[in-house]
Amino acid sequence: MEKLFSFILVTTILVMGQESWALEDCLGEQARLRAQVHLLETRVKLQQAKIAHLLHEKEIQFLDRGEENSVIDLGGKKQYADCSEIFNNGYKSSGFYKIKPLQSTEEFFVYCDMSDGGGWTVIQRRSDGSENFNRGWDDYENGFGNFTQKNGEYWLGNKNIHLLTTQGEYTLKIDLGDFDKNSRYAQYNYFKVGDKKNSYELNIGEYSGTAGDSLVGSFSPEFQWWASHQRMKFSTWDKDNDNYEGNCAEEDKSGWWFNRCHSANLNGLYYTGSYTADSDNGVIWYTWHGWWYSLKSVVMKIRPNDFIPNVI
């Protein structure tokens, strides 16, 4: 009997010891898991702080660069023939909008300049030399460049410019800037670009402005016969329509309405002011800075002659 009691006592002690050990193991495992959770929470907080810092830096960079994406979605509720219609329908913010000229089969993006009286459709822009304008016929016909950023460089396309200017009579205004923060403009009271059959021939009217008349060349009869761009067909390096014995577009590294060759070439190579080269192939407006100074900025924009701004 005494032996049985001793056996029961020992067995009870062993069982209780095992339960105690199990409890200690459980408590230890709980403590280990709590430490892991705490470590993971700390890591998550550190990652969140790092992400917030990176986002803040990104926001600062974004603000430093200015508004990158200038596309304005009107929801497709109505189609507009040009930027003047968009302006007069109450949209006064400059940016990229979709337009569809009357004879166009599809919509396309264009930058609408709603300053300077509003309603200007921008057909060309140079600002920083980021875009290559030494391109062939197809690119100039269909258009190329940056159609999302506010100051992005682009050519709207001869086909689209033709479709715009066949809708009625348009005014062309050219805003020019140099590297000394000076600005001038040239305005023509008539602007029309022919169709593909006529190689997108240029027709322009009477000049006014502060930059001088480099398109028609009325500044000098001596130069006009070879420098005027009036009624010239468009030329590119792979489609020579100029009056020169050589190829103006190939020599001057751009597509343009060349004669023999030019007194204006706003699609030329982008230099930073005065330059030297084998030919006068910079961004040129002769009557302001001559042939050997390349301009910093250009905006070519058009608007209907009979445009009356809706200010309501």
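Me: Before we start, what makes two aromatic rings a pair here?
Reply: Rings of Phe, Tyr and Trp (its six-membered ring) pair if their centres lie within 6.5 Å, and planes under 30 degrees apart count as stacked, over 60 as edge-to-face and the rest as tilted. This is a predicted model, in which local features need pLDDT of at least 70, side-chain atom pairs count only at pLDDT 80 or more, and totals for chains, interfaces and linings use all residues. Residues are numbered from 1 along each chain as its sequence is written, and side-chain values use heavy atoms, with hydrogens and water left out.

Me: OK, how many aromatic pairs does that give?
Reply: By this rule the count comes to 21 aromatic pairs. In one of them, the ring centres of Trp 155 and Trp 257 are 6.0 Å apart with the planes at 55°, so this pair is tilted.

Me: Are those two buried or exposed?
Reply: Trp 155 and Trp 257 are both buried, where buried means under 20% relative accessible area, exposed over 50% and partly exposed in between (1.4 Å probe, protein chains only).

Me: And what about Tyr 286 and Trp 291?
Reply: They form a tilted aromatic pair, at 3.9 Å centre to centre and with 35° between the planes. Tyr 286 counts as partly exposed at 23% relative accessibility, whereas Trp 291 is buried, with a relative accessible area of 18%.

Me: New topic: which ring has the charged end of Lys 239 over it?
Reply: That is the ring of Trp 137, with the charged end 4.7 Å from its centre; the rule asks for NZ of Lys or CZ of Arg within 6 Å of the ring centre and within 35 degrees of the ring normal. Arg 125 lies over the face of Tyr 111, at 4.5 Å from the ring centre.
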